[in-house]
Amino acid sequence: QVQLVESGGGSVQAGDSLKLSCAASGRNFWQHSMGWFRQAPGKDRNFVAAITRSGENTFYADSVKERFIISRDNARDMVYLQMDSLKHEDTAVYYCAALVGHCTAIGCRNRRLYNSWGRGVQVTVSS
């Protein structure tokens, strides 16, 4: 398993940008597919984006496509989420998660397949 710590959250205005980072520690980060999920107050934790082990595939929720970009640096054990054109409805706690092995377009979206989670970071977007 890997341990995950998110950073980079904050309060911004609609239309602004933020970049979230997720630092992983533990063994064999490169063997994990990585995902970002978010949870707004009173709502379920939902899929945002995912990236496979070597970054060859990325997947996005429809609501963030064309605005968010997920990337990873296996040399630094880091995953990033660049968020542009932020909207009020992007307000949530954002969680980094790790899944051992490869995942498909469907599997990467399933939070139950992820076995390591960070504590989350708050993103607040004012309209």
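**Pocket, core and rings**

Biologist: Let's start with the largest pocket: how much space lies in it?

Modeller: On a 1 Å grid over the protein atoms alone, a pocket is an open set of points where a 1.4 Å probe fits, with protein on both sides within 12 Å along at least five of seven lines; its lining residues have an atom within 4 Å of a point. Points are joined across faces, edges and corners, and the volume is the space filled by probe spheres set on them. For the largest pocket, that space comes to about 190 Å³.

Biologist: Before we go on, what kind of model is this?

Modeller: Residues are numbered from 1 along each chain as its sequence is written, and side-chain values use heavy atoms, with hydrogens and water left out. Local features need pLDDT of at least 70, side-chain atom pairs count only at pLDDT 80 or more, and totals for chains, interfaces and linings use all residues, since the model is predicted.

Biologist: How many aromatic pairs does the structure hold?

Modeller: Rings of Phe, Tyr and Trp (its six-membered ring) pair if their centres lie within 6.5 Å; planes under 30 degrees apart count as stacked, over 60 as edge-to-face and the rest as tilted. By that rule, the number of aromatic pairs is five.

Biologist: What is the angle between the planes of Phe-37 and Tyr-114?

Modeller: Phe-37 is in strand β4 and Tyr-114 in the loop between β9 and β10 (116–117), 77 residues apart. Both are buried, and buried means under 20% relative accessible area, exposed over 50%, partly exposed in between (1.4 Å probe, protein chains only). The rings sit 5.1 Å apart, centre to centre, in an edge-to-face pair with an angle of 80°.

Biologist: And why do Tyr-95 and Trp-117 form the pair type they do?

Modeller: This pair also links distant parts of the chain, with Tyr-95 in strand β9 and Trp-117 in strand β10, 22 residues apart. Tyr-95 is buried at a relative accessible area of 12%, whereas Trp-117 is partly exposed at 27%. The ring centres are 6.5 Å apart and the planes stand at 75°, so the pair is edge-to-face.

Biologist: Which residue puts its charged end over the rings of Tyr-95 and Trp-117?

Modeller: A charge sits over a ring if NZ of Lys or CZ of Arg is within 6 Å of the ring centre and within 35 degrees of the ring normal. The distance is 3.6 Å from the centre of the Tyr-95 ring and 5.0 Å from that of Trp-117. In both cases the charged end belongs to Arg-45.

Biologist: Is Gly-42 buried or exposed?

Modeller: Gly-42 lies in the loop between β4 (32–39) and β5 (45–51). Because its relative accessible area is 86%, Gly-42 is exposed.

Biologist: Last one: what is the phi of Asp-77, roughly?

Modeller: Asp-77 lies in the loop between β7 (68–73) and β8 (78–83), and it is partly exposed at 23%. Ser-85, in the loop between β8 and β9, is a non-glycine with a positive phi of about 50°. Asp-77 is not a glycine either, yet its phi is positive, at about 55°.

Methods: Helix = DSSP H or I, 4+ residues; strand = E, 2+ residues; numbered from the N terminus.
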